[in-house]
Amino acid sequence: MISRALCVALIALPEAFGAKLAAIPLIPDGDDARALAEKELSKPEYQEAKPTLIDQWARAVIDWLIDLLTPQHAVDLGPWAAIVIGALLVAALIAVLLIWGRPRRSRTGTTGAVLLGSADDRTAAQLRADSDRAAREGDWPEAIVLRYRAVARSLLERDLIAPAPGATAQTIAREAAAPFPAEGEALHAAAVAFDDVRYLGHPGSAAQYRALAETDDRLRALRPQALPEAVSA
């Protein structure tokens, strides 16, 4: 039989646990909740996921632009929205020009590139001077080759042709005839003279050189004809 004392203890046990459970609050108050939240957010995984200042700034700019360009706000701002945005774009463009300067076309491809089978970095003026020197010495093959290269280099420097690597003299002549259609026959004759002395071993002549030089001089003085694609652009 269970003794009287044990029965009393068993009866009192639930009451004691119930009193302790009642003393523990199920819902923490404001201070306890804040302390628990700060303790949880101080864990490393939360700190690593925290956005940086740059992230916050970028987010603020994006939110401002979205808010500015939404229809309801654009209507409220009226014409001032377009004025503000246009002013910002103009200011950005001016800043780019002041910092980096006006973009310029690189001419590294017009000098030093392989032209008519030779990696020659001389300018058109230098090639003309060297061809004249060879002509005075009676070296007609050298004079003709250099003068035709001067023609091709001059057209490149004026951005009138853009021959592919390995382009032949005839290819350059056909391409040059587009801005100078009246010089098509003269350009073809000049290319033939170049091929004759350069590849066929012909001696050349003073007459061929004079005709080539006159073609070069006319091309330098002529104003190129506008191409159809340039006009449409």
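# Reading helix contacts, rings and loops

Author: Phe180 is found in the loop between α9 and α10. This is a predicted model, where local features need pLDDT of at least 70, side-chain atom pairs count only at pLDDT 80 or more, and totals for chains, interfaces and linings use all residues. Residues are numbered from 1 along each chain as its sequence is written, and side-chain values use heavy atoms, with hydrogens and water left out.

Reader: Is Phe180 buried or exposed?

Author: Start with the cut-offs. Buried means under 20% relative accessible area, exposed over 50%, and partly exposed in between (1.4 Å probe, protein chains only). Phe180 has a relative accessible area of 3%, so Phe180 is buried.

Reader: Which residues does Phe180 touch?

Author: Contact means heavy atoms within 4.5 Å. Leaving aside residues up to four places away in sequence, Phe180 touches Leu155, Arg158, Leu160, Leu219, Leu222, Arg223 and Pro224. Take Leu160: 20 residues separate Leu160 and Phe180 along the chain, and their C-alpha atoms are 9.6 Å apart.

Reader: How many helices and strands are in the protein?

Author: Helices (H or I, at least four residues) and strands (E, at least two) are DSSP runs, numbered from the N terminus. The protein has 12 helices and 2 strands. Their pattern along the sequence is α-α-α-α-α-α-β-β-α-α-α-α-α-α. Of the 233 residues, 23% count as buried.

Reader: At what angle do the axes of α8 and α11 cross?

Author: Axes are lines fitted to C-alpha atoms, for helices over the stretch in contact; angles run from 0 to 180 degrees between N-to-C directions. Helix α8 (residues 140-157) and helix α11 (residues 206-221) have axes that come within 10 Å and cross at roughly 15 degrees. Angles under 35 degrees count as roughly parallel, over 145 as roughly antiparallel, 65 to 115 as roughly perpendicular and the rest as oblique. So α8 and α11 are roughly parallel to each other.

Reader: Which residues make the contact?

Author: From α8 come Trp140, Ala143, Ile144, Arg147, Tyr148, Val151 and Ser154. From α11 come Ala206, Gln208, Tyr209, Leu212, Ala213, Asp216, Asp217, Leu219 and Arg220. Ala, Val, Leu, Ile, Met, Phe, Trp, Tyr, Cys and Pro count as nonpolar, Asp, Glu, Lys and Arg as charged, and the others, Gly among them, as polar. The contact divides into 10 nonpolar, 2 polar and 4 charged residues.

Reader: How many aromatic pairs are there?

Author: Rings of Phe, Tyr and Trp (its six-membered ring) pair if their centres lie within 6.5 Å; planes under 30 degrees apart count as stacked, over 60 as edge-to-face and the rest as tilted. The count comes to 3 aromatic pairs. One of them is Tyr148 with Phe194, tilted, at 5.3 Å centre to centre and 35 degrees between the planes. Tyr148 lies in helix α8 and Phe194 in helix α10 (residues 184-199), 46 residues apart, so the pair links distant parts of the chain. Phe194 also pairs edge-to-face with Tyr199, at 6.2 Å centre to centre and 75 degrees between the planes. Tyr148, Phe194 and Tyr199 form one aromatic cluster. Phe194 counts as buried at 0% relative accessibility, whereas Tyr199 counts as exposed at 51%.

Reader: What is the phi of Asp159?

Author: Most residues other than glycine have a negative phi. Asp159 is not a glycine, yet has a positive phi of about 60 degrees. Asp159 sits in the loop between α8 and α9. At 36% relative accessibility, Asp159 counts as partly exposed.
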